[in-house]
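Q: Please take a close look at the aromatic rings here, and keep it brisk.

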Amino acid sequence: RRAEHVGILERLVLAFGHRKDHDLVIAGNGWYRSGAVKEKARSLGLNGRVRFLGYVERKELPALFSGATAFLYPSLLEGFGLPVVEAMACGTPVITSNSSSLEEIARGAALLVDPRNVAEITEALTRTAEDEGLRQELSGKGLKRAAEFSWRRTAELTLEAYGEAVGGARPSPGAAARWLSRGPFPGGEGGEGDEAALAGAIHRTIEYARTFRYPLA
């Protein structure tokens, strides 16, 4: 899978090589064989126009999204695709994959491409860069689409999913708070029955979300 992601970014660099009036900014820590992407940029003479920022603090992401002509996310596989929603919430036009969950998340508010097809990515880059009307349209649609998602709704749906997983049990807010206050629950310990198991699962989910600074609590 890592090799596939390296291939995706190499194809993105190839597609970007046809543009002469923008920079390509890639954010994120170094990854397995990431040197191949940098070498591809060098081989195409794009050294100064393809920038690798490394890890970017979450608090800095809104400015990075908002300053972009477009946000490119040609991933092969996503469970959800949170960066797409984050970019839309900033009013940034989005180009993303027509596969996995991303097509559903975009739902008519982004340009969709085959992430393995350099020509499609190139065409999407060109359309977005040269058509201000399209950018404004995608920005407006993206803002509306992003507004359909919220962390409160995510928490509600997560709680419902855990309730179904333990046989339909769903504690009241007071009961959930009571059990969560007894955490941690590495295996559902600390109480009896489905309510304790559910509280343990919720507790672990919140801890996992905190690792990535997602406000799920």
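Is Phe149 buried, partly exposed or exposed, and what is its relative accessible area?

A: Phe149 is partly exposed, at a relative accessible area of 27%. Buried means under 20% relative accessible area, exposed over 50%, and partly exposed in between (1.4 Å probe, protein chains only). This is a predicted model, where local features need pLDDT of at least 70, side-chain atom pairs count only at pLDDT 80 or more, and totals for chains, interfaces and linings use all residues. Residues are numbered from 1 along each chain as its sequence is written, and side-chain values use heavy atoms, with hydrogens and water left out.

Now the pairs. Rings of Phe, Tyr and Trp (its six-membered ring) pair if their centres lie within 6.5 Å; planes under 30 degrees apart count as stacked, over 60 as edge-to-face and the rest as tilted. That rule gives 3 aromatic pairs. One of them joins Phe65 and Phe71 edge-to-face, with 5.1 Å centre to centre and 90 degrees between the planes. Phe65 is buried at 9% relative accessible area. Phe71 is buried too, at 16%.

Phe149 pairs with Phe80. Their ring centres are 5.6 Å apart and their planes stand at 90 degrees, so this pair is edge-to-face. It links distant parts of the chain, 69 residues apart. Phe80 sits in the loop between β3 (71–73) and α4 (82–89). Phe149 sits in the loop between α7 (132–146) and α8 (151–165). Helices (H or I, at least four residues) and strands (E, at least two) are DSSP runs, numbered from the N terminus. Phe80 is partly exposed, at 35% relative accessibility.

Phe65, Phe71 and Tyr73 form one aromatic cluster.
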